[in-house]
Amino acid sequence: MAYIESVTLEVADPTAADRFYTAAFGLGTQLRLRAAKAPTTGFCGFTLSLTVPQPATVSGLIGAALDAGATQLKPAAKSFWGYGGVVQAPDGTIWKIATSAKRDTGPATRQIDEIVLLLGVADVAASKRFYVDRGLAVAKSFGRKYVEFATPSSPVKLALYGRRALAKDAGVPPGGTGSHRLVIGSDAGPFTDPDGFAWEAADAAAEAGPAMALAKDAAAVSSEIIGQR
């Protein structure tokens with residue numbers, strides 16, 4: 001079964017990005033930064049989601065991100081699936097912070113239970129087959145709308161979503177061209193998927209540079225994430 005060790009964001013200014021992520025989320029080794037200036041416009045085709053324990057944590061992390069320079073795409077709000085909001089980091093990466101809990105059960109913290117990488121793809125069924133052929137096992141699948149892979153020991157969870165649906169969930173137009181500005185570090189790599197997302201060997205990803213602090217092993221994907229389909 002494939003193991004996803006990290007995601008590497010290719011950014012114009014790694015020092016500034018490191019400063020932002022440290023202040024906003026306190027992220028660590030699962031998120032890496034690499035200097036790159038590959039041309040890109042519009043939606044890069046992916047989002048990163050942070051699953052947290054309660055609404056107060058959502059609000060706190062979104063507030064910290066905005067204070068550090070993020071742009072608000074969707075304000076934190078209640079939904080059928082829980083509570084969440086979406087921000088865009090100064091480097092352009094879109095982050096959704098969400099919880100399936102409807103109420104707070106304690107004081108606000110900065111605890112992050114899980115990081116989920118959602119790839120916006122042109123054909124969910126075709127991409128599902130591609131990843132299964134490379135050793136990823138399917139945990140949940142909702143036809144051609146959403147696929148979640150079983151990576152029980154991975155610090156980073158992986159899911160596939162239709163590109164337009166993912167852009168709508170993030171609150172941005174679906175159009176975009178050029179580099180995804182994303183590299184996935186895994187024991188399944190190296191390869192490039194049908195939508196142009198690059199994977200590399202985990203040991204190569206470790207050389208991308210210092211990363212920032214995140215809760216280590218994650219449990220199951222929250223209903224807040226898988227419900228947005």
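Helix 3 spans residues 124–133, and its buried residues are Val124, Ala125, Ser127, Phe130 and Tyr131; buried means under 20% relative accessible area, exposed over 50%, and partly exposed in between, with a 1.4 Å probe and protein chains only. Helices (H or I, at least four residues) and strands (E, at least two) are DSSP runs numbered from the N terminus. This is a predicted model, in which local features need pLDDT of at least 70 and side-chain atom pairs count only at pLDDT 80 or more, while totals for chains, interfaces and linings use all residues. Residues are numbered from 1 along each chain as its sequence is written, and side-chain values use heavy atoms, with hydrogens and water left out.

The buried residues of helix 3 pack against strand 8 (114–121), strand 10 (146–150), strand 11 (156–162), strand 14 (191–192) and strand 15 (198–201). At the start of helix 3, a side-chain oxygen of Asp123 comes to within 3.1 Å of the backbone nitrogen of Ala125. Just after helix 3, Gly135 has a positive phi of about 100°.

In soluble globular proteins, nonpolar side chains tend to be buried together. A nonpolar core is a set of buried Ala, Val, Leu, Ile, Met, Phe, Trp, Tyr and Cys residues joined through side-chain atoms within 4.5 Å. The largest one here has 47 residues, of which Leu9, Tyr21, Phe25, Trp95, Ile97, Leu117 and Leu119 touch the most other members. Another core, of 12 residues, lies apart from it and includes Phe43, Tyr146, Tyr161 and Ala170.

Ser179 sits in the loop between strand 12 (176–178) and strand 13 (182–186). Its C-alpha atom is separated by 6.0 Å from that of Ala38, although the two residues are 141 residues apart along the chain. Leaving aside neighbours within four places in sequence, Ser179 is in contact (heavy atoms within 4.5 Å) with Glu10, Ala38, Pro39, Thr40 and Cys44.

The last topic is the pockets. A pocket is an open set of points on a 1 Å grid over the protein atoms alone, where a 1.4 Å probe fits, with protein on both sides within 12 Å along at least five of seven lines; lining residues have an atom within 4 Å of a point. The largest pocket has a volume of about 220 Å³, volume being the space filled by probe spheres set on the points. Among its 18 lining residues, Gly42, Cys44, Gln88, Gly92 and Thr93 are the closest to its centre. Strand 1 gives the most to this lining, with three residues. The second largest pocket holds about 160 Å³ of space, and Helix 1 (residues 14–24) gives the most to its lining, with three residues.

Methods. Polar contact = N/O pair within 3.5 Å; in protein donor to acceptor, adjacent residues only side chain to side chain.
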